[in-house]
Amino acid sequence: MSEPLTGDQATPGLRDEREVREPRKYKVLLHNDDYTTMDFVVEVLVRVFRKNEAQATAIMLAVHNQGYGVCGTYTAEVAETKVDMVHRLARSAGFPLKCSMEGE
C-alpha cells in the first residue's frame, strides 16, 4: 500500500508555482497646505507614525519646504490605515491636511 499524499513531499522534476514574495510596499506622504499648523503635523507624526520629536520635526520641515514629506513605508493595508487615521485626525481638528500613499 502506498503512503497518502500530504502535500509536504516534492515530486522530482516538478516546480512549485507558488513563489513566496515580499509584499509590495507603499510610501505614506503628507502634503503641504496653507492652513494646517506645523504643531499639528508634528503631533500627527508622533501619534500615527510613532516618530520621536526630532524625526517628526524633520519630516514636518520637509512637508513645509518641499511640499511633501515621507512618513514611512508600509504594506498596502497598513499604509491605507495610516492615511485614514491622518484624515480622521485632521478633520476632527478642523484641518485640511492631505495624506496619500504611493507605490515604491
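Reader: Which residue does Glu-43 meet in a salt bridge?
Author: This is a predicted model, in which local features need pLDDT of at least 70, side-chain atom pairs count only at pLDDT 80 or more, and totals for chains, interfaces and linings use all residues. Residues are numbered from 1 along each chain as its sequence is written, and side-chain values use heavy atoms, with hydrogens and water left out. A salt bridge here is a side-chain nitrogen of Lys or Arg within 4 Å of a carboxyl oxygen of Asp or Glu. At 3.0 Å, N to O, the side chain of Glu-43 meets that of Arg-47.

Reader: Where do Glu-43 and Arg-47 lie?
Author: Helices are DSSP runs of H or I, at least four residues, and strands are runs of E, at least two, numbered from the N terminus. Glu-43 and Arg-47 are four residues apart, about one turn, and both lie in helix H1 (residues 38-49).

Reader: Is Arg-88 buried or exposed?
Author: Buried means under 20% relative accessible area, exposed over 50%, and partly exposed in between (1.4 Å probe, protein chains only). Arg-88 forms a salt bridge with Asp-84, with the closest N and O atoms 2.8 Å apart. Asp-84 is partly exposed because its relative accessibility is 35%. Arg-88 has a relative accessible area of 58%, so it counts as exposed.

Reader: Which residues of H1 are buried?
Author: Elements including strand S1 (25-31) and helix H2 (53-66) cover the buried residues of H1. Those residues are Phe-40, Val-41, Val-42, Val-44, Leu-45, Val-48 and Phe-49.

Notes. Contact means heavy atoms within 4.5 Å.
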